[in-house]
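Please read the points below with the model open beside them. They go from the whole chain to the interface, then to single elements and residues.

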2 protein chains.
Amino acid sequence: MSSGARAHALILAAEQLRTGTEAILAANALDLEAGKASGLAPAMLDRLKLDEARLEGIASAVEAVANLDDPVGQVIDQSERPNGLKLSRVRVPIGTIGIIYESRPNVTADAAALCVRAGNAAILRGGSEAVHTNRAIHGALIAGLTTGGVPSEAVQLIPTQDRAAVGAMLSAAGLIDMIVPRGGKGLVARVQADARVPVLAHLDGICHTYIHASADPDMAREVALNAKMRRPGICGAMETLLIDTQFSDSSALVAALLDSGCALRGDARARSLDTRITPANAEDWDTEYLEAVLSVAIVDGMEDALAHISRHSSGHTDVIIADDTNAAAQFLNEVDSAIVMHNASSQFADGGEFGLGAEIGIATGRLHARGPVALEGLTTYKWLVRGSGQARP
Amino acid sequence: MSSGARAHALILAAEQLRTGTEAILAANALDLEAGKASGLAPAMLDRLKLDEARLEGIASAVEAVANLDDPVGQVIDQSERPNGLKLSRVRVPIGTIGIIYESRPNVTADAAALCVRAGNAAILRGGSEAVHTNRAIHGALIAGLTTGGVPSEAVQLIPTQDRAAVGAMLSAAGLIDMIVPRGGKGLVARVQADARVPVLAHLDGICHTYIHASADPDMAREVALNAKMRRPGICGAMETLLIDTQFSDSSALVAALLDSGCALRGDARARSLDTRITPANAEDWDTEYLEAVLSVAIVDGMEDALAHISRHSSGHTDVIIADDTNAAAQFLNEVDSAIVMHNASSQFADGGEFGLGAEIGIATGRLHARGPVALEGLTTYKWLVRGSGQARP
């Protein structure tokens with residue numbers, strides 16, 4: 001299918017989500033009832049719940065993906081050999097993407113839209129607590145996509161809630177080309193442990209912010225507060241604050257975090273800054289709190305900070321706050337994480353904030369794609385060779 | 001280490017291979033003696049055997065890799081966000097590459113050089129029949145590399161011939177970032193089946209050449225002969241010839257292949273072209289012969305050719321010979337293999353022929369890198385974000 005035809009089909013799918021609002025919300029009500037009856041936690045119920053505004057958000061997101069530039073067909077590079085062979089590398093779809101996710105029903109539409117935009121098929125496996133909602137969203141998507149000429153097989157929702165279906169997806173090497181798990185650490189860990197298919201994921205977001213000796217005190221405070229407290233539960237939230245022993249304003253920095261309602265767990269030197277800081281144990285440095293808790297260590301300069309990050313970072317996002325441009329350059333060069341930032345909040349680690357329009361996920365693996373992954377990461381390439389009858393000597 | 005320092009260390013390693021010629025050939029003689037005593041096949045002994053010319057070739061190849069452009073540090077793309085954040089994606093080494101290979105001792109030097117050039121560490125596991133040769137080559141490499149400032153740990157040769165070492169490499173997820181098997185199908189299949197680490201490889205090279213109705217008869221004959229008979233045993237050799245029923249010169253084409261010493265196995269229509277063609281059975285269409293044997297089918301136009309290739313290609317290299325540029329464009333667009341060629345011999349499927357300078361291998365997987373993989377495929381990227389104190393709203 002042409003890029004324009006795929007985009008148009010997604011616009012039709014977004015329309016179907018809107019005209020299907022009543023049916024989708026009715027299905028969602030069934031899931032919410034069942035969730036309440038089975039004692040789902042309020043936070044889970046909130047993730048599950050749709051209303052007209054949220055559903056409009058889902059439809060708008062599908063439209064936004066439809067309007068993104070299509071990577072398929074882009075020429076990555078080209079060359080001509082001395083024998084006249086013309087080579088080019090051209091982006092093509094990966095093939096079939098499996099998405100395994102938990103209670104948020106928006107993933108059904110988001111993931112399907114991203115896959116279709118980049119010419120892939122999607123096999124969706126949502127959480128059992130959202131089964132009616134996912135079926136209703138999937139039905140609306142398919143109604144729009146097929147009207148636009150996309151075969152209904154291009155977006156499939158696993159019909160059974162049997163857990164064995166997940167195992168079948170994870171072992172479907174050669175049939176499913178890549179699996180993207182979307183959900184909590186338990187889900188991601190299981191997928192990573194059991195998959196025989198390549199997995200695009202991050203297990204942990206243990207993100208560090210290093211306050212260099214040269215950091216501007218106001219900037220350090222503002223960025224650190226944002227990195228932890230804007231939304232403590234996202235994967236780009238800071239989990240460890242490293243303060244240089246030469247930084248001039250350490251006490252005010254930790255006081256601002258404590259005053260904002262963040263619990264701090266510190267090493268001995270950090271605790272000397274404020275009596276409200278409780279002791280950190282060895283596990284704290286490897287813990288993704290995902291709440292208003294932060295571990296704090298005092299470090300003796302750049303090498304010490306780099307060593308701590310090398311040992312404890314999950315490779316997601318690490319940040320330096322520094323006015324010293326040489327220090328910043330060293331940090332950006334030497335920290336080996338998917339995202340390395342200078343003078344910015346780690347909460348910017350997001351495909352939308354990076355201008356990608358959307359994201360299928362954030363990857364901390366080392367191959368294929370790292371950091372926020374959007375349409376380009378849902379493609380691969382092939383080599384095209386154009387000759388005029390060349391035989392190899 | 002800087003790019004220049006790594007390149008210089010590789011030049012020193014090449015020098016050590018030259019000054020160590022006597023010791024390396026003596027070690028090789030031990031392996032050859034042991035191989036003869038244990039009844040190694042003559043072809044295996046030939047792969048194992050070094051002489052001064054072959055060793056000079058190995059040293060020159062290391063120098064050539066040293067002189068390749070370093071991908072590390074290359075900026076893939078960059079952008080600036082409306083909030084002033086400056087983003088860039090920069091190539092970085094993957095990390096630690098495991099190479100598992102069979103009798104050819106040149107892989108010890110080739111793979112180590114490619115890994116070091118792109119800033120990676122290499123863990124080498126060679127075949128037991130080349131153990132003395134590999135140790136001698138490794139010793140020379142390390143002598144040069146360490147003189148140039150590369151730590152000796154950057155290129156490690158597994159010291160034991162215990163088969164369990166291979167299993168340990170294959171399960172070393174988080175320690176080894178990628179495994180490259182180099183050898184026969186048995187080795188590659190075992191690695192692909194057992195690895196918990198990403199694998200860069202091709203299992204089969206079942207390469208097709210489709211002779212379109214519009215093909216120039218002389219070009220079709222010359223390219224087809226080259227694609228099969230230049231070196232029938234390489235992965236880019238043609239294994240199946242698809243002749244369009246409308247092609248005007250089919251009999252002369254198959255006669256030329258038969259006359260060159262190639263055995264042909266054909267479907268009923270192909271066999272009607274020449275009595276020397278024997279019947280192909282169902283397995284022939286999925287067989288990589290790697291010798292002077294070729295399967296031949298007559299196809300009814302483009303759709304039939306595409307359907308055959310979709311069903312039987314191993315995704316390595318497929319070729320169309322055609323004067324009709326629309327037909328060629330359709331073939332290049334629709335065939336989903338790592339390499340798709342128009343009017344050229346499939347034997348060009350090679351990193352050197354593609355201008356990459358060398359190759360660590362040819363990949364038929366869909367993620368990370370496809371086709372001939374050289375230095376770029378031995379890197380990944382990280383995102384650098386440069387701000388001025390931005391906090392996320």
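The numbered points follow, with conventions given where they are needed.

1. **Basis.** This is a predicted model, in which local features need pLDDT of at least 70, side-chain atom pairs count only at pLDDT 80 or more, and totals for chains, interfaces and linings use all residues. Residues are numbered from 1 along each chain as its sequence is written, and chains are lettered from A and ligands numbered from 1 in the order in which they are written.

2. **Overall form of chain A.** Chain A holds 13 helices and 16 strands. Helices (H or I, at least four residues) and strands (E, at least two) are DSSP runs, numbered from the N terminus. The C-alpha trace of chain A spans about 70 × 65 × 35 Å along its principal axes.

3. **Burial and contacts.** Of the 393 residues in chain A, 52% are buried. A residue is buried if 20 or more other C-beta atoms lie within 10 Å of its own, exposed if 12 or fewer, and partly exposed in between; C-beta atoms are placed from the backbone. Among the contacts in chain A with a separation of 6 or more, 71% join residues 24 or more positions apart. Two residues are in contact if their C-beta atoms, placed from the backbone, lie within 7 Å.

4. **Interface.** Contacts link 49 residues of chain B with 49 residues of chain A. On chain B, at least two residues each come from β2 (86-93), α9 (217-229), β13 (339-344) and β16 (379-390). β16(B) gives the most, with eleven residues. By class, this side of chain B has 22 nonpolar, 16 polar and eleven charged residues. Here Ala, Val, Leu, Ile, Met, Phe, Trp, Tyr, Cys and Pro count as nonpolar, Asp, Glu, Lys and Arg as charged, and the others, Gly among them, as polar.

5. Ten strands form an open sheet with mixed pairing, in the order β10(A)-β9(A)-β11(A)-β8(A)-β7(A)-β12(A)-β13(A)-β16(B)-β2(B)-β1(B). β10 of chain A and β1 (75-80) of chain B stand at the edges, each with a single partner strand, so one side of each is left without a neighbour in the sheet. Strands pair if DSSP finds at least two bridges between them. Within this sheet, β8 (residues 238-244) of chain A runs parallel to β11(A), joined by five bridges. A:I243 has A:I298 as its bridge partner in β11(A). Also between the chains, β16 (residues 379-390) of chain A pairs with β13(B) in the parallel sense over five bridges. There, A:L384 stands opposite B:V340.

6. **Strand β4(A).** β3 (residues 96-101) of chain A pairs with β4(A) in the parallel sense over five bridges. The chain crosses from β3(A) to β4(A) through α5 (residues 106-117), and this β-α-β crossover is right-handed. Right-handed applies if, with the strands pointing away from the viewer, the path from the first strand over the helix to the second runs clockwise. Three bridges join β4(A) to β5 (residues 155-157) of chain A, which run parallel. The crossover from β4(A) through α6 (residues 131-147) to β5(A) is right-handed.

7. **Helix α1(B).** The 17 residues of α1 (residues 3-19) of chain B should span 24 Å at 1.5 Å a residue; the end C-alpha atoms are 25 Å apart, which agrees. The expected span is 1.5 Å times one less than the number of residues. Its buried residues include B:R6, B:L10 and B:Q16. Their cover includes α4 (52-66), α5 (106-117) and α6 (131-147) of chain B.

8. **A backbone check.** A:L290 is not a glycine, yet has a positive phi of about 60°. A:L290 lies in the loop between β10 (278-279) and β11 (293-299) of chain A. A:L290 counts as partly exposed because it has 17 C-beta neighbours inside 10 Å. B:L290 also has a positive phi of about 60°.
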